[in-house]
There are 2 protein chains.
Amino acid sequence: MKEKAVIVLSGGLDSTTCMGIARDKGFELYPITFFYNQRHQREVEHARQVAQHYGVADRHKIVNVSFLGDIGASALTDRNIAVPTTGVGEDIPKTYVPARNLIFLSLAVAYAEVIGAKTLYTGVNAVDYSGYPDCRPEFIRSLTETVNLATKAGVTSKDKIKIETPLISLTKGEIIQRGLELNVPYELTTSCYQGEEEACGVCDSCLLRLKGFTENNVVDPIPYKAITT
Amino acid sequence: MKEKAVIVLSGGLDSTTCMGIARDKGFELYPITFFYNQRHQREVEHARQVAQHYGVADRHKIVNVSFLGDIGASALTDRNIAVPTTGVGEDIPKTYVPARNLIFLSLAVAYAEVIGAKTLYTGVNAVDYSGYPDCRPEFIRSLTETVNLATKAGVTSKDKIKIETPLISLTKGEIIQRGLELNVPYELTTSCYQGEEEACGVCDSCLLRLKGFTENNVVDPIPYKAITT
């Protein structure tokens with residue numbers, strides 16, 4: 001029987017690449033998608049299409065965590081804060097949601113425990129978005145220790161829970177290169193912070209994505225707005 | 001200005017005692033209560049009354065996490081599993097919710113970060129419910145390290161986030177003793193797993209609570225069903 005893996009799937013480029021990588025490693029895929037009142041709400045629909053592409057629509061858990069909007073304050077949850085378009089800087093970005101990866105990975109661990117999976121995949125990346133504290137390897141290492149102390153699975157079994165972060169030290173170009181090798185369906189993904197039908201092409205997320213495709217000499221298959229400059 | 005503390009408040013005896021302890025330490029209290037489709041749903045109303053008692057109803061965050069019912073499987077969230085009444089045993093109890101304290105404390109950390117609190121209080125206890133892996137000191141120590149790596153507050157400030165567990169090594173009798181000294185309003189709390197108007201007096205939670213009051217030679221101020229034996 002195949003081993004199960006829970007994949008944190010946002011419908012974006014990175015997490016969809018993780019689907020391809022986990023499938024390539026031979027895992028049975030159990031994607032989990034978190035849905036909240038955010039600008040890129042459309043991602044959920046993309047995540048559904050990605051799950052369908054991989055033939056695991058029936059194992060796709062979509063979790064409404066809209067209460068994060070009550071607790072948090074960030075450009076992704078609060079419509080009164082403008083999405084930054086000034087390029088990636090050194091500081092913690094305005095799009096930071098308090099403890100987001102801690103919360104999402106904790107929920108993914110609960111799902112893993114229920115279905116009997118010992119492996120989680122997350123597309124966190126410490127290169128392009130180095131400003132997010134919860135995308136760094138030291139955070140993932142510490143969380144792995146914590147979840148193995150927190151759960152029945154971690155405490156009672158000799159097989160510890162593992163959090164796989166295959167993209168953590170790759171550039172966007174390298175991520176896309178790996179995904180293209182694995183036939184990851186990038187046409188189904190979305191990255192734009194604005195979350196409209198066509199990508200804006202000017203937000204931080206679009207700029208990084210476009211640069212990554214350019215480095216691979218491949219045209220990004222998703223539609224972009226005509227940009228008048 | 002007083003320092004702020006987030007208190008994980010269930011409306012039960014332990015978390016309400018934490019309210020008294022944190023107030024006694026001079027903190028401004030910010031209770032957070034998690035609400036899900038569970039048998040002891042009434043706890044939320046008790047938590048409200050406790051928050052009101054301490055004059056912090058306007059700072060009380062009540063968070064609907066009913067999606068846990070989708071992810072988890074446990075006697076507390078699944079009505080098809082009977083509540084155990086066989087006494088506290090050695091194994092991980094049937095009332096275990098996968099990664100519950102990890103999830104709740106992660107959300108409490110997000111709230112702390114938004115309001116600018118560096119201290120969290122949780123009433124976890126490793127004595128009476130030793131079967132829950134996420135109530136042990138080693139879990140709390142590891143989580144503290146993780147949250148300080150996960151959050152803007154933990155990374156950018158020299159004041160690290162602290163998770164206070166004043167009850168972790170106390171018996172129920174000792175918890176109640178401390179609470180009585182601090183005039184904790186136990187008449188507003190609820191502990192019964194059955195979650196009805198009057199406590200059942202026979203579930204594990206009721207038995208422990210009654211024993212704790214007996215040890216203090218104090219009558220538990222909440223109403224119990226007449227028990228016919």
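Modeller: Cys18(A) has 28 C-beta neighbours inside 10 Å and counts as buried. Please keep in mind throughout that this is a predicted model.

Colleague: Why is Cys18(A) called buried?

Modeller: A residue is buried if 20 or more other C-beta atoms lie within 10 Å of its own, and Cys18(A), with 28 such neighbours, therefore counts as buried. Cys18(A) lies in helix 1 of chain A, and, leaving out residues up to four places away in sequence, it touches Ile7(A), Tyr121(A), Thr122(A), Gly123(A), Pro166(A) and Leu167(A). The C-alpha atoms of Cys18(A) and Val8(A) are separated by 8.5 Å, the two residues being ten apart along the chain.

Colleague: What makes strand 1 of chain A largely enclosed by the rest of the structure?

Modeller: Strand 1 of chain A covers residues 4–8, and because four of its five residues are buried, it is largely enclosed by the rest of the structure.

Colleague: How do you know that strand 1 of chain A and strand 2 of chain A pair?

Modeller: Two strands pair if at least two bridges are found between them, and strand 1 and strand 2 (residues 28–35) of chain A are joined in the parallel sense over five bridges. Ala5(A), for instance, stands opposite Leu29(A) in strand 2 of chain A. Strand 1 of chain A also pairs in the parallel sense with strand 4 (residues 119–121) of chain A, over three bridges, and there the bridge partner of Ile7(A) is Tyr121(A).

Colleague: Which elements make the right-handed β-α-β unit in chain A?

Modeller: The right-handed β-α-β unit is made by strand 1, helix 1 (residues 13–24) and strand 2 of chain A. Read along the sequence, the whole of chain A follows the pattern β-α-β-α-β-α-α-β-α-α-β-α-α, which comes to eight helices and five strands.

Colleague: How many of the residues of chain A count as buried?

Modeller: Of the 229 residues of chain A, 50% count as buried. As for contacts in chain A with a separation of 6 or more, 69% of them are between residues 24 or more positions apart.

Colleague: Where does the record place the feature "binding site", and what makes Cys192(A) buried?

Modeller: The UniProt record, an unreviewed entry, places the feature "binding site" at Cys192(A), Cys200(A), Cys203(A) and Cys206(A). Cys192(A) is found in the loop between helix 7 and helix 8 of chain A, and with 26 C-beta neighbours inside 10 Å, against a cut-off of 20 or more, it counts as buried. Leaving out residues up to four places away in sequence, Cys192(A) touches Ala199(A), Cys200(A), Cys203(A), Ser205(A) and Cys206(A). Cys203(A) is placed in the loop between helix 7 and helix 8 of chain A, and with 21 other C-beta atoms within 10 Å it is buried.

Colleague: Why is Asn183(A) called exposed?

Modeller: A residue is exposed if 12 or fewer other C-beta atoms lie within 10 Å of its own, and Asn183(A), with 11, is therefore exposed. Asn183(A) has a positive phi of about 55° although it is not a glycine, and its place is in the loop between helix 7 (172–181) and helix 8 (204–215) of chain A. In chain B, Asn217(B) has a positive phi of about 55° and is not a glycine; Asn217(B) is found in the segment after helix 8 (204–215) of chain B, and with 6 other C-beta atoms within 10 Å it is exposed.

Colleague: How many residues does the contact take from each chain?

Modeller: The contact takes 38 residues from chain B and 37 residues from chain A. Helix 4 of chain B gives the most to the side of chain B that touches chain A, with ten residues, and the residues of that side divide into 23 nonpolar, eight polar and seven charged.

Colleague: Which residues touch the most other members of the largest nonpolar core?

Modeller: Of the 106 residues in the largest nonpolar core, these are Ile7(A), Ala108(A), Ile7(B) and Ala108(B). Helix 4 of chain B gives the most to this core, with eleven residues. Leaving aside neighbours within four places in sequence, Ala108(B) is in contact with Val6(B), Val8(B), Ile32(B) and Leu120(B).

Conventions
Residues are numbered from 1 along each chain as its sequence is written. Chains are lettered from A and ligands numbered from 1 in the order in which they are written. This is a predicted model: local features need pLDDT of at least 70, side-chain atom pairs count only at pLDDT 80 or more; totals for chains, interfaces and linings use all residues. Helices (H or I, at least four residues) and strands (E, at least two) are DSSP runs, numbered from the N terminus. Two residues are in contact if their C-beta atoms, placed from the backbone, lie within 7 Å. Ala, Val, Leu, Ile, Met, Phe, Trp, Tyr, Cys and Pro count as nonpolar, Asp, Glu, Lys and Arg as charged, and the others, Gly among them, as polar. A nonpolar core is a set of buried Ala, Val, Leu, Ile, Met, Phe, Trp, Tyr and Cys residues joined through C-beta atoms within 7 Å. UniProt positions are given in the numbering used here, feature names are shortened, and annotations may be inferred rather than shown by experiment. A crossover is right-handed if, with the strands pointing away from the viewer, the path from the first strand over the helix to the second runs clockwise.
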